[in-house]
Amino acid sequence: MSIAAIKGMNDILPGEVETWQFLERSAREVFGLYGFSEIRTPVPEKTELFCRSIGETTDIVEKEMYTFDDKSENSLTLRPEGTAPVMRSFIQNRLHNLDPVSKLYYMGPMFRYERPQKGRYRQFHQLGVEVVGVEDAKIDAQVLAMLHQYFIRIGIDTVSLQVNSLGCPDCRPGYRQELISYLEERLSDLCPECQRRYLNNPLRVLDCKAQGCQAATVDAPSVIDHLCSSCSDHFSKVQFYLKALKIPYEVNARMVRGLDYYVRTTFELVTDQLGSQNAVAAGGRYDGLVESLGGPPLPGIGFAIGLERLVLMKGEQRITADGPQIFIAARGEDASERAFVLMSQLQSAGVRAEMDYLGKSIKAQMRRANKLNATFSLVLGEEELQTGQAQLKDMSDSSHSTIALDDLVDVLTKKLAEYSTSA
Ligand code: ATP
Ligand code: MG
């Protein structure tokens with residue numbers, strides 16, 4: 001029996017990978033404009049890193065991590081998210097000594113043992129950014145502006161930005177306590193999961209999808225009403241800058257994030273195109289995280305975009321691969337040999353060239369040229385070899401021009417240059 005991939009882990013095949021490459025290329029372009037550099041960290045990390053940063057009582061740490069012992073019995077975990085590894089690397093490599101403001105981005109696979117469904121997989125890919133070193137609300141707005149710009153660049157305009165502030169270690173505990181008291185009075189209306197977690201993680205009850213929990217928390221105290229003056233001031237400034245940059249957003253005081261390290265600004269980009277997998281990107285501030293992982297007391301903020309969800313949203317607007325710029329069809333062995341050398345010369349000169357390797361008829365070769373969406377084609381047979389000339393066919397309008405085979409590389413490169421300026 002043949003072997004299949006692991007459940008919830010997908011192959012990304014030709015035909016689809018072009019969309020991925022487009023999304024990744026666009027990220028590099030946009031993030032580069034804002035001064036971000038790429039960072040690449042290993043896929044596994046010490047399990048402890050995630051327990052300490054994400055939080056012991058979160059869904060990720062409680063039930064979603066791919067954790068295993070290596071042969072030396074070290075507990076390792078395939079990264080479920082990117083922020084903790086980037087902070088680990090930031091601290092270990094003392095990146096704050098290079099520049100007081102670090103702007104980093106990453107892209108790559110993440111692993112969570114979840115129930116696979118549309119938009120939710122066990123290996124999925126995130127595109128994320130982190131800024132370490134700035135507390136000023138300008139950076140919150142800048143990060144959101146960049147996220148906004150990225151979505152413009154990739155042509156997705158069906159998302160909306162929701163922002164919230166979760167307060168800080170000064171004001172959140174008071175709010176948390178008040179929320180616990182509120183929930184305590186309505187315990188029997190909550191789902192079993194929330195009944196279990198309301199003491200350890202009361203904020204999670206606010207974004208529980210269960211109807212009972214939603215109904216029970218309609219009038220729950222709002223985190224925004226409990227912000228201390230510095231958090232409230234910070235949140236006002238974030239909104240002031242968002243307005244100044246004309247970035248549409250709405251405040252959603254019920255939005256909490258599933259990771260413990262968030263403080264102050266949190267946000268999500270949501271869509272109604274993906275059913276219950278409605279978050280396309282999410283992030284927030286994590287002042288305190290770097291210090292809690294043993295680094296200097298530097299503030300940070302970041303977001304992660306789920307690439308699979310973007311690909312689903314691009315749907316019909318898929319990006320297709322560039323076809324060959326010339327397909328050389330050959331009749332007979334001598335012509336095939338000449339075609340092979342010509343093709344190789346063209347490729348060395350930077351032209352995407354293709355030919356037939358299977359000894360197919362000219363008709364079948366031309367069908368393939370069409371299917372591959374070749375820009376030009378050329379038929380080589382005995383006569384062409386003898387005269388040293390052939391007909392170059394422009395596949396878009398079937399017009400032909402006579403071309404000397406020895407000049408093929410030069411003439412074709414010129415024609416293609418004209419083509420790309422007139423297109
Ligand atoms: P959700 O509420 O959908 O579970 P999350 O809050 O767990 O999302 P984050 O940890 O904030 O998600 O990750 C950021 C983004 O990564 C999400 O907005 C989503 O687009 C994507 N993402 C998260 N988990 C998965 C998954 N299992 N499969 C595919 N994409 C995912
Ligand atoms: Mg999740």
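This is a predicted model: local features need pLDDT of at least 70, side-chain atom pairs count only at pLDDT 80 or more; totals for chains, interfaces and linings use all residues.
Local features need pLDDT of at least 70, side-chain atom pairs count only at pLDDT 80 or more, and totals for chains, interfaces and linings use all residues. Residues are numbered from 1 along each chain as its sequence is written, chains are lettered from A and ligands numbered from 1 in the order in which they are written, and side-chain values use heavy atoms, with hydrogens and water left out.

Consider the pairing of helix α1 with helix α5. Helices here are DSSP runs (H or I, at least four residues), numbered from the N terminus. The axes of these two helices come within 10 Å and cross at roughly 135°; axes are lines fitted to C-alpha atoms over the stretch in contact, and angles run from 0 to 180 degrees between N-to-C directions. The crossing of α1 and α5 is right-handed (the near helix is turned clockwise from the far one by less than a right angle). On the α1 side, Phe22, Leu23, Ser26, Ala27, Glu29, Val30 and Phe31 meet Met146, Gln149, Tyr150 and Arg153 of α5, where contact means heavy atoms within 4.5 Å. Seven of these residues are nonpolar, two polar and two charged.

Helix α5 (residues 137-153) also packs against helix α10 (residues 229-244), at an angle of about 45° and with the axes 8 Å apart. This crossing is right-handed. Ala137, Lys138, Asp140, Ala141 and Leu144 of α5 make the contact with His234, Lys237, Val238, Tyr241 and Leu242 of α10. By class, six residues are nonpolar, one is polar and three are charged.

Helix α1 (residues 17-33) has a further partner in helix α12 (residues 307-314), at about 115° and with an axis separation of 10 Å. The crossing of α1 and α12 is right-handed. Thr19, Trp20, Phe22, Leu23 and Glu24 of α1 contact Leu307, Glu308, Leu310, Val311 and Lys314 of α12.

The ligand site comes next. Ligand 1 is surrounded by 15 residues (a heavy atom within 4 Å), and the closest are Arg112, Glu114, Arg120, Tyr121 and Arg257. Polar contacts are pairs of N or O atoms within 3.5 Å. A polar side-chain atom of Arg309 lies 2.9 Å from an oxygen atom of ligand 1. Polar backbone atoms also approach ligand oxygen atoms, at 3.0 Å for Ala279 and at 3.4 Å for Gly306.

Conventions: Ala, Val, Leu, Ile, Met, Phe, Trp, Tyr, Cys and Pro count as nonpolar, Asp, Glu, Lys and Arg as charged, and the others, Gly among them, as polar. A polar contact is a pair of N or O atoms within 3.5 Å; within protein, one must be able to donate a hydrogen and the other to accept it, and residues adjacent in sequence count only if both atoms are side-chain atoms.
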